[in-house]
Amino acid sequence: MNRPKILILGAGYGGLTTAVNLQKKIGSNVADITIVNKNSYHYESTWLHEASAGTLSPEKVRYDIQSVLNNKVNFVQAAVESIDATNKKVITDAGEMSYDYLVVGLGFEGETFGIEGLDKFAFGISDVNEARKLRDHINSQFAEWASQAPSEKDDTLLTIVVGGAGFTGIEFLGELANRIPELCKEYDAPQEKVRVICVEAAPTVLPMFSRELVEYAVGYLTKKGIEFSIGTPVVQATPEGVKIKKGEEEFEFIKAGTVVWAAGVRGSRIVEESDIPSKRARVAVDKDLRVPGFPEVFIVGDCAFLMNEEAGRPYPTTAQIAMQQAITVAENLIALIEGKDTKEFVPALKGTVCSLGDSDAIGEVFGKEITGKPASFMKKVIDNRALYMVGGAGLVLKKGKFNVL
Ligand code: FAD
């Protein structure tokens, strides 16, 4: 094979880290490497809750893809429309592309589990555009309330329902808890008129953390005025709010100006609709991250499904794992080109930190539980490290978080 063509789909944590590692480790003129992404920019998905709440500018969350690539990697801005792995072809809105090796890193999409009305009436937190829409909608609800005559004020405009008390839901609530007082000041709204309600179907909040850490997080957010309705699934969303199930035959309708759905993600629809076998748009990959039956196709990030055999459950879909997988994928691509054996992906799980706004957090890092300012500091270290791994110190200086309190 002369100068094999490597095609990378998606410039998120998985795709872009694969490209950057390839350009670092592969010799010049060894392969034609192309990365395709629908936007000209990469965004830090793990910061989207901040952009959605309006506590961080969407500009801060994203950076130009080209700015972290050198001349070994060609960037094409295009939306991938379909993958034909049998014929080694990818269709994009900029035309057809062929490959010898394919890396699929198309990321995640919101999952509404078929709950009526959520796809139409709830806001998601899946990309920069959704984050901007949600932020603007919350602002507009406050503005609408402020413009109503005193006797006709509809306070439910100031009610925000957040579906999901997992990682994304709780991190978003943490940001909202800080943003609401600012909005109240800006729009002359008394804070007692604002309701933020977290609705969760499962019997617990943040199932990945210990009871002590969960109690800390719930206590912290409750003190800031967040209400929790746990074990009460959302069964319907309408333009007026959500219906939740509180018992066998008992339902409650919560009137709300804003409904946010942060209770589930799945892999990319493009993967699901391709000839690569998948379940909920995630592909069960071999240990070297290749697709069984398609030895030239690698899956990286949230579209990959890989069992943690020790724990007896799949590895979570996280940026941490996506970036680690990308390093292995880049090394395995080079190994295949050089006719060597690929290696197994071995994740190094360093821990997880869940922010509760800008100055508090909970986490488990290297087996140790942390809360408060040390946890918040650690979260910023993790955020800056992700920037460093892709764009080095220059990117950290440009986009990094240094507001350590
Ligand atoms: P992504 O980073 O989502 O990248 C996918 C890329 O593909 C994007 O650039 C997208 O534009 C592009 N794309 C998609 N479709 C197309 C198409 N059709 N054509 C072209 N391009 C396309 N993980 C952690 O480890 N720690 C955290 O603290 C954490 N916090 C989170 C907070 C929030 C609010 C959210 C939403 C997620 C969080 N996660 C966290 C999860 C983490 O963001 C994901 O696991 C991670 O982004 C997955 O990386 P990826 O490369 O698979 O996809």
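Helices (H or I, at least four residues) and strands (E, at least two) are DSSP runs, numbered from the N terminus. The model is predicted: local features need pLDDT of at least 70, side-chain atom pairs count only at pLDDT 80 or more, and totals for chains, interfaces and linings use all residues. Residues are numbered from 1 along each chain as its sequence is written, and side-chain values use heavy atoms, with hydrogens and water left out.

**Exercise 1.** Locate Leu-289 and Phe-366, and state for each whether the residue is buried or exposed.

*Solution.* 
- Step 1. Leu-289 belongs to the loop between strand S19 (283–284) and strand S20 (290–291). Its phi is positive, about 75 degrees, although Leu-289 is not a glycine.
- Step 2. Buried means under 20% relative accessible area, exposed over 50%, and partly exposed in between (1.4 Å probe, protein chains only). With a relative accessible area of 0%, Leu-289 is buried.
- Step 3. Phe-366 sits in the loop between strand S26 (361–365) and strand S27 (368–371). This residue also is not a glycine, and its phi is positive at about 45 degrees.
- Step 4. A relative accessible area of 67% makes Phe-366 exposed.

**Exercise 2.** Describe how helices H5 and H6 pack.

*Solution.* 
- Step 1. Two packed helices are described by the angle between their axes and the distance between the axes.
- Step 2. The axes of H5 and H6 come within 12 Å and cross at roughly 35 degrees. Axes are lines fitted to C-alpha atoms, for helices over the stretch in contact, and angles run from 0 to 180 degrees between N-to-C directions.
- Step 3. Contact (heavy atoms within 4.5 Å) involves Leu-134, Ile-138, Asn-139 and Phe-142 of H5, and residues of H6 including Phe-172, Leu-176 and Arg-179.

**Exercise 3.** Classify the aromatic pair of Phe-142 and Tyr-187, and say which parts the pair ties together.

*Solution.* 
- Step 1. Rings of Phe, Tyr and Trp (its six-membered ring) pair if their centres lie within 6.5 Å; planes under 30 degrees apart count as stacked, over 60 as edge-to-face and the rest as tilted.
- Step 2. A search of the whole structure finds three aromatic pairs. In the pair of Phe-142 and Tyr-187, the centres are 6.0 Å apart and the planes are at 45 degrees, hence tilted.
- Step 3. Phe-142 lies in helix H5 (residues 128–147) and Tyr-187 in the loop between helix H6 (167–186) and strand S12 (195–200), so the pair ties together parts 45 residues apart in sequence.
- Step 4. Phe-142 is buried at 1% relative accessibility, and Tyr-187 is buried at 16% relative accessible area.
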